[in-house]
Amino acid sequence: MKYFLLLAFSLLLVNISSFAQKVKNEKVKFSYLQYPSKPFPKAERKVKFTTESSNKETVAKMKKDYETIIANIDKKYAQDLADLKRRQAAYDSSSTGSKIMSNIILGDGRPSDTLVKKQPYPLAPVYPKVIDGSAQVHSRISLKGISVDESAATTIKFTFLGMEHTDRQLVVENDTVYHGYVYTIKNPVKVTATTKDGNILYDGFVNDSNNFTRVIRDEEKDSVQLEEIWLRERVTDIRKNEDMLLMLTMNKANDLLNDLFGYVVEEKSIKVFMGASKKDIYPEHAEAYNNAILGYHLLENESDFNKAKEYLDLSIAVWEKSLEEKNTGDKKAKINAKVAGGLHFNIVAAALFTRDFEKVAIHSAQLKVLGEGKYKRQLASIDKFIDDYKARYTAYVTEAGMTE
């Protein structure tokens, strides 16, 4: 890392602008620790997971209802068949004369076996799976910087409501019926995070998982073949989408919970601006750039924060001193408006990561009134990031009971 930084510093001095009072910029890519947006009480870093599959009774009822339908069809067929046999026996036992008279006058003959037909069974439902919630959570959920502990004061509960789907319909577009089926399906998962005192930190469905997703089965077949394919493949098709939706939802749940409660290492790119004379970059700005690189690359670990702050403060001190020479009315001045804009932006970015939010506000305001659109656009591109970083750190400080 040290060799790389020294090399970057050397290349920076070689690849300079040949014009006076120009601004050079280098993009610094680094990783930093992102605090949770909703830290656990006292900023505790332990959690307990619980799960519930709430559709067990629903699935049992669906199976019982279908079995009842089948039983009723079988019962009615048996009753109709028994009645037919009685009528056939009565006809068979009657006299020849009675049979002839019945046939001539009433047109009745011996009751045919074809008079009784068994009602077709309806398609069996595709029963939603009763999900093994514990297996899903422990295989797909990993909160960064948080350990799983059964004694934890905060509990995150996953409720698996089970798959639902609608009946298939023919695909109709622009009043044209296509040889295809469309149906909708969902596999909702709810997450509830609760403190030991019963306070709810989060309660809701994961990323709209309670909304139906539209699925189209489009086949280049006639309607008869389409129905045959559907009957043959519908269970496989619905099961495939049931599993896929659950997988996507659990991945989204992991992202959601890490954003809310995790201590996630994120990547960020920041531009560092430097003034340059005819011959080279201002030496003090090149040195500040090198210190800024060292500082930014130490932001990944909390234990290195003080050292990172030390390097970034050195850079900020240089940029602030240069701003004392600011002359925005003279384009040829060493610290003209363009160079000053870059320095204000540098301080905003560095002060943010040293958590000097007052300095961030001061230099953001100065940059906005400077009139240099380039830097105002640069600031606008990270405005939301600044607000988010400050809000997360403030929430963490509050919960941790830290003093600034």
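## A strand hairpin

Ala193 stands opposite Tyr202 in strand 9, where strands are DSSP runs of E with at least two residues, helices are runs of H or I with at least four, and both are numbered from the N terminus. Strand 8 (residues 189-194) and strand 9 (residues 200-205) run antiparallel and are joined by 5 bridges; two strands are taken to pair if DSSP finds at least two bridges between them. The two strands form a hairpin with 5 residues between them, and Gly198 in the turn has a positive phi of about 90°.

## Basis of the values

This is a predicted model, in which local features need pLDDT of at least 70 and side-chain atom pairs count only at pLDDT 80 or more, whereas totals for chains, interfaces and linings use all residues. Residues are numbered from 1 along each chain as its sequence is written, and side-chain values use heavy atoms, with hydrogens and water left out.

## Helix 8 against helix 10

Helix 8 (residues 337-354) packs with helix 10 (residues 373-400) at an angle of about 10°, and their axes are 11 Å apart; the axes are lines fitted to C-alpha atoms, for helices over the stretch in contact, and the angles run from 0 to 180 degrees between N-to-C directions. Helix 8 is therefore roughly parallel to helix 10, given that angles under 35 degrees count as roughly parallel, over 145 as roughly antiparallel, 65 to 115 as roughly perpendicular and the rest as oblique.

From helix 8, Lys338, Gly341, Gly342, Phe345, Val348, Leu352 and Phe353 meet Tyr375, Gln378, Leu379, Ile382, Phe385, Ile386 and Tyr389 of helix 10, contact meaning heavy atoms within 4.5 Å. The residues of this contact divide into 10 nonpolar, 3 polar and 1 charged, where Ala, Val, Leu, Ile, Met, Phe, Trp, Tyr, Cys and Pro count as nonpolar, Asp, Glu, Lys and Arg as charged, and the others, Gly among them, as polar.

## Aromatic pairs

The structure holds 22 aromatic pairs; rings of Phe, Tyr and Trp (its six-membered ring) pair if their centres lie within 6.5 Å, and planes under 30 degrees apart count as stacked, over 60 as edge-to-face and the rest as tilted. One of these pairs is formed by Tyr32 and Tyr389, which are tilted, with 6.2 Å centre to centre and 50° between the planes. The pair links distant parts of the chain, since Tyr32 lies in strand 1 (residues 22-34) and Tyr389 in helix 10, 357 residues apart.

Tyr32 and Tyr389 are both buried, a term that stands for under 20% relative accessible area, with exposed meaning over 50% and partly exposed in between (1.4 Å probe, protein chains only). Together with Phe30, Tyr296, Phe353 and Phe385, Tyr32 and Tyr389 form one aromatic cluster.

Asn346 lies in helix 8 and is buried, with a relative accessible area of 1%. Leaving aside neighbours within four places in sequence, Asn346 is in contact with Lys271, Val272, Phe273 and Trp319.

Ile293, in helix 6 (residues 283-296), is buried as well, with a relative accessible area of 4%. The C-alpha atoms of Ile293 and Leu143, residues that are 150 apart along the chain, are separated by 29 Å.

## Positive phi in two loops

Lys42 has a phi near 60°, a positive value in a residue other than glycine. Lys42 lies in the loop between strand 1 and strand 2 (46-53) and counts as exposed at 73% relative accessibility.

Asp208, also a residue other than glycine, has a positive phi near 60°. Its place is in the loop between strand 9 and strand 10 (213-218), and at 57% relative accessibility Asp208 counts as exposed.
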